[in-house]
Amino acid sequence: MTAELATDVVTWEVVRPGTMVVTMDRGPANALGIPLLDGLQAACDAAEAAGDIKVMVIRSAIEGFFAAGADIKHLGTINAESFTAYGNQMRAANDRIESASFISIAAVDGLALGGGMELAMACTFRVGGAKARYGLPEVNIGLIPGAGGTQRLPRLVGRGKALDIILTARQVPAAEAAEIGLVDRSTDGDVLEAALALADEFAGASLPAQLAGIRSVDAAYDLPFAEGARVEVEQEQGLFEHGEAAEGIDAFITKRKPNFA
């Protein structure tokens, strides 16, 4: 295993070729204050600088918590201008993870609340443990999920379920999260091991093709059909002309394993 750089509350490590595990450790509950948000950005910097990271797994070192959400104590000390800046930092971290040059997996085995659930939803996939619970409790303090929660949640579970979760502020248990599609894989065992097993499933394919697949599927949610179909065509054509399609096609014809970057 190869250790990488670390911040005070976020560390990262390349645990196998192409797979980086990012660990959040800001006690007592991984509140998403500025230090943790900066740490997530630094982890993304490290992954991009490495140049060969295919999958990033984001996990927590704190028992019982993935991330408890925004730093409420911080919110109680700031004005409207600072509130905007803080919200922009939360959104920037989530948007960067969502649009990164790697696949991201949230390994959740505890509370993922508010901004913590929004962080998990920004990841490409979510792997949930038996102790995981998910919620967006912002209405209880007079706010709404403001770091992408109102946009990403309905895309995952539909409008009705999204409104149920947002307006009641209830916590969704692990079994229900799996049933409604909030999580992609569930495990009764070690959630990090399950997330790494999922990462291994991506290992043999072309990363540019996988990222093009993500962009094309996202277009199905964001654009009318005809425009989304054009994105699909552009992505496929780009892969054929500039991606790894030539290597993949030749490997198939010559009956060998492709040598993708």
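**Basis of the model**

Helices (H or I, at least four residues) and strands (E, at least two) are DSSP runs, numbered from the N terminus. The model is predicted: local features need pLDDT of at least 70, side-chain atom pairs count only at pLDDT 80 or more, and totals for chains, interfaces and linings use all residues. Residues are numbered from 1 along each chain as its sequence is written, and side-chain values use heavy atoms, without hydrogens and water.

**Ile-141**

Ile-141 sits in the loop between β11 (133-135) and α5 (149-157). Its relative accessibility is 48%, so Ile-141 counts as partly exposed (buried is under 20% relative accessible area, exposed over 50%, partly exposed in between; 1.4 Å probe, protein chains only).

**The open sheet**

Four strands form an open sheet in the order β6-β9-β11-β12, with mixed pairing (strands pair if DSSP finds at least two bridges between them). At its edges are β6 (64-67) and β12 (171-173), each pairing on one side only. β6 runs parallel to β9 (residues 110-113) over three bridges, and Phe-65 stands opposite Leu-111 in β9.

**Salt bridges**

The whole structure holds 15 salt bridges (a side-chain nitrogen of Lys or Arg within 4 Å of a carboxyl oxygen of Asp or Glu). In one of them, the closest N and O atoms of Arg-96 and Asp-45 are 2.6 Å apart. Arg-96 belongs to helix α3 (residues 80-98) and Asp-45 to helix α1 (residues 34-50), so this pair ties together parts 51 residues apart in sequence. Arg-96 also forms a salt bridge with Glu-48, at 3.0 Å between the closest N and O atoms.

Lys-131 and Glu-63 meet in another salt bridge (2.7 Å, N to O). Lys-131 is partly exposed at 48% relative accessibility, whereas Glu-63 is exposed at 63%.
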